[in-house]
Amino acid sequence: MDTKIGKAVKKAFGERVRKLRREAGFSQEQIADLADLDRSYIGGVERGDRNISLVNIHKIARALKIKPAILFQ
């Protein structure tokens, strides 16, 4: 079961992913392809619906050509 804090963390992380993706000029589909993830998964991350794994955080960061830590700033 999600706690309020858990939901807030996932939402904030998703908003950060969306912001960086848009700044990089990528669509969800493009990032999904580059990260070898499904587009619907990226959408779920950006909405804060997904409790994303460290491996997938790394894949998204690599697709955005940034260090994973930047996703948490």
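**The aromatic pair and its surroundings**

Guide: Buried residues make up 37% of the 73 residues in the protein chain, where buried means under 20% relative accessible area, exposed over 50% and partly exposed in between, with a 1.4 Å probe and protein chains only. The model is a predicted one, in which local features need pLDDT of at least 70, side-chain atom pairs count only at pLDDT 80 or more, and totals for chains, interfaces and linings use all residues. Residues are numbered from 1 along each chain as its sequence is written, and side-chain values use heavy atoms, with hydrogens and water left out.

The protein chain has 4 helices and 0 strands; helices (H or I, at least four residues) and strands (E, at least two) are DSSP runs, numbered from the N terminus.

Now to the part itself. A search of the whole structure finds 1 aromatic pair, and its rings, those of Phe13 and Phe72, have centres 5.2 Å apart and planes at 45 degrees, so the pair is tilted. Rings of Phe, Tyr and Trp (its six-membered ring) pair if their centres lie within 6.5 Å, and planes under 30 degrees apart count as stacked, over 60 as edge-to-face and the rest as tilted. Because Phe13 lies in helix H1 (residues 4–24) and Phe72 in the segment after helix H4 (54–64), the pair ties together parts that are 59 residues apart in sequence. Phe13 counts as buried at 8% relative accessibility, whereas Phe72 is exposed, with a relative accessible area of 54%.

Ile52, not counting residues up to four places away in sequence, touches Phe13, Tyr41, Val45, Ile57 and Ile60, where contact means heavy atoms within 4.5 Å.

Contacts of the chain as a whole can be set beside this pair. Among contacts in the protein chain between residues at least 6 apart in sequence, 53% join residues at least 24 apart.
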